[in-house]
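I opened this notebook to record what I looked up in the structure, entry by entry.

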Amino acid sequence: MYTGLLHLHSLLRWIALILLIISVVKAFSAWNNSSKLYTEGNRKLNLFTLISVHLQLVVGFVLYFVSPKVQFAADTMRNSTLRYFAVEHVLMMVIAIVLITIGYSKAKRLEIGFEKNKRIAVFYGLGLLLILVALAAAPYNIITKFF
Ligand code: HEM
């Protein structure tokens, strides 16, 4: 089960990151353009991005309890790999996913299309930034590590 979940988490990272980058680029490209509408296509893209990070959250939480890299021992805080997966990774990723969720629901409640795009640009953009910081902060290269 552990190996399967780890592969799923690794695969989902690409899907979530690619969708998030497309959402952010599209939302920023509409930033100063009040004629840009928040189309059904935009809404669906942002929804799929939200779903992909929520799936990553669910898989990540299960991994948290089965991964050998998550251990609470006396030296957890002194060991950079153990500390990263027990604390830093989960904390930063959860905050990023909360920001993305807030962005989607704020955009949903607004009426004007370009205001919706702005909200997505800010919240999805901050979420993406935090995810990239969390990946870059890993004690070894997990960004390009393939499975
Ligand atoms: C979009 C958000 C996330 C991304 C992009 C992401 C990405 C990654 C990557 C690239 C790895 C390394 C995988 C490998 O070594 O093959 C990893 C490992 C891990 N992630 Fe995440 N993650 C995310 C969210 C989360 C969340 C929310 C949790 C927990 C609630 C979590 C828990 C873990 C755990 C426990 C591991 C260590 C698995 C192991 O190697 O044994 N992740 N994550």
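**Entry 1: Nonpolar surface**

I began with the surface and found a nonpolar patch of about 630 Å², made by Met1, Val58, Phe61, Val62, Phe65 and Val66. The model I am reading is a predicted one. Val62 has a relative accessibility of 33%, so I noted it as partly exposed.

**Entry 2: Overall fold**

I next listed the secondary structure and counted four helices and zero strands in the protein. Read along the sequence, the pattern is α-α-α-α. For the overall extent, I noted that the C-alpha trace spans about 55 × 30 × 25 Å along its principal axes. I also looked up burial: of the 147 residues of the protein, 39% count as buried.

**Entry 3: The iron site**

Which residues coordinate the iron atom of the ligand? I found His9 and His89, each through its NE2 atom, at 2.0 to 2.1 Å. I then asked which arrangement the six donor atoms around the iron atom form. The angles they subtend run from 87 to 180°, and the arrangement is therefore octahedral. The assignment rests on a cut-off: six donors count as octahedral if opposite donors are over 155 degrees apart and all others lie between 65 and 115. For reference, I wrote down that the ideal angles for six octahedral donors are 90 or 180 degrees.

His9 lies in helix α1 (residues 2-29) and His89 in helix α3 (residues 80-109), so the pair ties together parts that are 80 residues apart in sequence. Are these histidines buried or exposed? I found both His9 and His89 to be buried.

**Entry 4: Salt bridges**

How many salt bridges does the model hold? I counted three, taking a side-chain nitrogen of Lys or Arg within 4 Å of a carboxyl oxygen of Asp or Glu as the criterion. As background, I noted that side chains of opposite charge can pair when their charged atoms come close.

One of the bridges joins the side chains of Arg43 and Glu40, at 2.9 Å from N to O. Arg43 and Glu40 are three residues apart in helix α2, so about one helical turn separates them. Arg43 is partly exposed because its relative accessibility is 30%. Glu40, at 45%, also counts as partly exposed.

Another bridge joins Arg83 and Glu88, and I read 2.9 Å from N to O here. Arg83 is partly exposed at 27% relative accessibility. Glu88 is partly exposed at 24%.

A further bridge joins Glu115 and Arg119, with an N to O distance of 3.5 Å. Glu115 and Arg119 are four residues apart in helix α4 (residues 113-136), so they too are separated by about one helical turn. Glu115 is partly exposed at 25% relative accessibility, and Arg119 is partly exposed with a relative accessible area of 25%.

**Entry 5: Record annotation against the model**

I consulted UniProt, where an unreviewed entry lists residues 12-33, 45-66, 86-105 and 121-143 under "transmembrane region". I checked two of these spans against the coordinates. Residues 12-33 are 82% helix and 0% strand, and their end C-alpha atoms lie 32 Å apart. Residues 121-143 are 70% helix and 0% strand, with the end C-alpha atoms 23 Å apart.

**Entry 6: Sequence separation and spatial separation**

Leu11 and Gln56 are 45 residues apart in sequence and 9.6 Å apart in space. I located Leu11 in helix α1. Leu11 has a relative accessible area of 40%, so it is partly exposed.

How far apart in space are Phe72 and Ser105, which are 33 residues apart in sequence? I read 35 Å for Phe72 and Ser105. Phe72 belongs to the loop between α2 and α3. Phe72 counts as exposed because its relative accessibility is 59%.

Technical notes. Residues numbered from 1 in each chain as written. Heavy atoms only, no water. Donors = N, O, S within 2.8 Å, 3.2 Å for Na, K, Ca; no water. Tetrahedral: all angles 85-135°; square planar, octahedral: opposite > 155°, others 65-115°. Helix = DSSP H or I, 4+ residues; strand = E, 2+ residues; numbered from the N terminus. Buried < 20%, exposed > 50% of the residue type's maximum accessible area, 1.4 Å probe, protein only. Patch = residues over 30% accessible without salt bridge, like charges linked within 9 Å, V, L, I, M, F, W, Y side chains within 5 Å. Areas by Shrake-Rupley, 256 points an atom, 1.4 Å probe, with all protein chains shown as cover. UniProt positions renumbered as here; feature names shortened; annotations may be inferred.
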